[in-house]
Amino acid sequence: MTRRFGDPPETCRSYRIRRGAYAILPQGRSVLLTHQEEPQPEFQLPGGGIDPGESPLQALHREVFEETGWKIASPVRLGAFRRFTFMPEYELWAEKLCIVYIARPVYALSHPTEPGHDAVWMDMAVAAEALGNPGDRHFLERALI
């Protein structure tokens with residue numbers, strides 16, 4: 001069973017499964033994060049939803065580029081977690097199945113192409129506290145070991 005982080009599902013709600021791929025991108029003692037402005041300002045692991053017909057690795061490369069502008073290499077799957085949340089940008093309650101990878105940031109190709117996102121380099125220890133959800137924090141802390 002995939003470990004859950006955050007609030008348990010509300011029994012009165014119907015949730016749609018939303019699969020996503022996310023990356024821990026270390027370089028020295030820093031890690032590349034994305035800062036998303038909406039619906040509320042939050043630091044996140046770069047990544048996002050897996051589109052129909054897309055593999056998790058294809059989604060990982062696409063989402064990291066959209067949210068950070070960086071090309072990545074050598075992704076290795078660390079694990080997965082799930083969380084139940086409201087996604088206001090889609091107006092839906094989701095059971096997010098988050099697949100987490102560690103990868104090597106190769107080089108920046110451009111600024112983020114996803115509106116409202118900024119690429120941010122942060123010290124890993126600080127990032128572990130700054131990330132907006134407990135699943136992201138858990139996997140980053142595991143990567144620090």
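## A walk through the fold

Let's start with aspartate 7, which sits in the segment before S1. Strands here are DSSP E runs of at least two residues and helices are H or I runs of at least four, both numbered from the N terminus. With 59% relative accessibility, aspartate 7 counts as exposed (exposed is over 50% relative accessible area, buried under 20%, partly exposed in between, using a 1.4 Å probe and protein chains only). The C-alpha atoms of aspartate 7 and glutamate 54 are 29 Å apart, and 47 residues separate the two along the chain.

Before going further, keep in mind that this is a predicted model: local features need pLDDT of at least 70, side-chain atom pairs count only at pLDDT 80 or more, and totals for chains, interfaces and linings use all residues. Residues are numbered from 1 along each chain as its sequence is written, and side-chain values use heavy atoms, with hydrogens and water left out.

Now for the sheet. Four strands make an open sheet, ordered S5-S1-S7-S6, with mixed pairing (two strands pair if DSSP finds at least two bridges between them). S5 and S6 are at the edges with a single partner strand each, so one side of each has no neighbour in the sheet. From one strand to the next, the twist averages 20°. Helix H1 (residues 56-68) packs on this sheet and touches S1, S5, S6 and S7, with its direction at about 90° to that of S6. Such angles run from 0 to 180 degrees between N-to-C directions, with axes fitted to C-alpha atoms, for helices over the stretch in contact.

Look at S1 from both sides. S1 and S7 pair in the parallel sense over nine bridges; the bridge partner of alanine 23 is tyrosine 101 in S7, and isoleucine 24 stands opposite isoleucine 102 in S7. With strand S5 (residues 47-49), S1 pairs in the antiparallel sense over three bridges, and there glycine 20 has glycine 49 in S5 as its bridge partner.

Helix H3 comes next. H3 lies across S1, S6 and S7, at about 145° to S6. In H3 (residues 134-144), Gly135, Asp136, His138, Phe139 and Leu140 are buried. What do these buried residues pack against? Their partners include strand S1 (16-24), strand S6 (70-87), strand S7 (92-108) and helix H2 (124-130). At the start of H3, a side-chain oxygen of asparagine 133 comes to within 3.0 Å of the backbone nitrogen of glycine 135.

Strand S3 holds histidine 35, which counts as buried because its relative accessibility is 14%. The side chains of histidine 35 and glutamate 37 are joined by a polar contact of 3.3 Å (a pair of N or O atoms within 3.5 Å; within protein, one must be able to donate a hydrogen and the other to accept it, and residues adjacent in sequence count only if both atoms are side-chain atoms). Setting aside neighbours within four places in sequence, the residues in contact with histidine 35 include Pro41, Phe43, His117 and Asp118, where contact means heavy atoms within 4.5 Å.

Finally, which element gives the largest share of the lining of the largest pocket? That is S6, with six residues.
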